Amino acid sequence: MSNKFGTLLKSKLEEIQKKNPRFSFRSLAKKVGISPGCLNELMHGKRPLSEFYANKIVLGLELDTAERNEIYSMISTRSRKFAVQKTLQEQELELLTNWEHFAILNLFRMKNFQSEPAWIAERLALPIEKVEMSLQLLMNLGFIKKKGNSIARAVASLSTTTDVPSQALVKAHTSDLRKAIEVLQSTPPDVRDFSSITMAINPGKLSEAKKFIKKFRRKFSILVEEGEQTAVYNLNIQFFPLTQPEKDQTLC
């Protein structure tokens, strides 16, 4: 595992250096948010690759799904909690359009997680019947599995297609927005952050802006997931037009 991981990371470093010869190993460590010493130990098998470090690497290097799965497959057996990343198909997403399914999946990451439906229902303020239905659905889809007398998560992370029209994805975003309104009205400002800005923009920068937002999401998740995880949050980012395109123009 260690040699394979070290070879892969060295290959990624050389790939970056072809574009930027000044990019060093220390630069790589800074990019993935791991100290140079620790990253060196990981590369040479002196430290087992855990899910924590794997997440930092796949997010910091912005790896595609195939590369992410390759990294996740190298996680040390004693450190392994979940399987590879999964991209949701339209039919699967259609069944997961409510916010609580993803919230329950992320409860599994918490240190004090309890698999009893009553505990989950209390943490998410949901009827126990809805929790039981969600657990059964997640089990049927293979996202969670029975492990002895308990339940375990079976996927490292879930992702969806991007910039592809999807009614299921629209429903999922709508569910998140409705939950956001509920939380905005019922929780104090010190445990949430809602902000917005309206601006006149150059539509030609839209593609670049989307990439910027995607990179921000990944860096944000690395920041807030580090350390002991005792709560589940949702980050929603909306960037949308308020004006209609001129008759002789379309959005880039």
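## Around Ile-71

Setting aside neighbours within four places in sequence, Ile-71 is in contact (heavy atoms within 4.5 Å) with Phe-5, Leu-8, Leu-49, Ala-54, Ile-57, Val-58 and Leu-63. This is a predicted model, where local features need pLDDT of at least 70, side-chain atom pairs count only at pLDDT 80 or more, and totals for chains, interfaces and linings use all residues. Residues are numbered from 1 along each chain as its sequence is written, and side-chain values use heavy atoms, with hydrogens and water left out.

## Two cores

A nonpolar core here is a set of buried Ala, Val, Leu, Ile, Met, Phe, Trp, Tyr and Cys residues joined through side-chain atoms within 4.5 Å. Buried means under 20% relative accessible area, exposed over 50%, and partly exposed in between (1.4 Å probe, protein chains only). The largest such core has 26 residues, and Leu-49 and Ile-71 touch the most other members. Helix 4 gives the largest share, five residues.

There's also a second, separate core of 22 residues, including Ala-103, Leu-105, Trp-119 and Leu-124.

Leu-28, Ala-29 and Val-32 are the buried residues of helix 2. They sit on the same side of the helix because they cover an arc of only 100 degrees around the axis, going by the directions from the helix axis to the C-beta atoms. The face turned away from that buried side carries exposed Arg-26 and Lys-30. Just after helix 2, Gly-33 takes a positive phi of about 75 degrees.

Terms used: Helix = DSSP H or I, 4+ residues; strand = E, 2+ residues; numbered from the N terminus.
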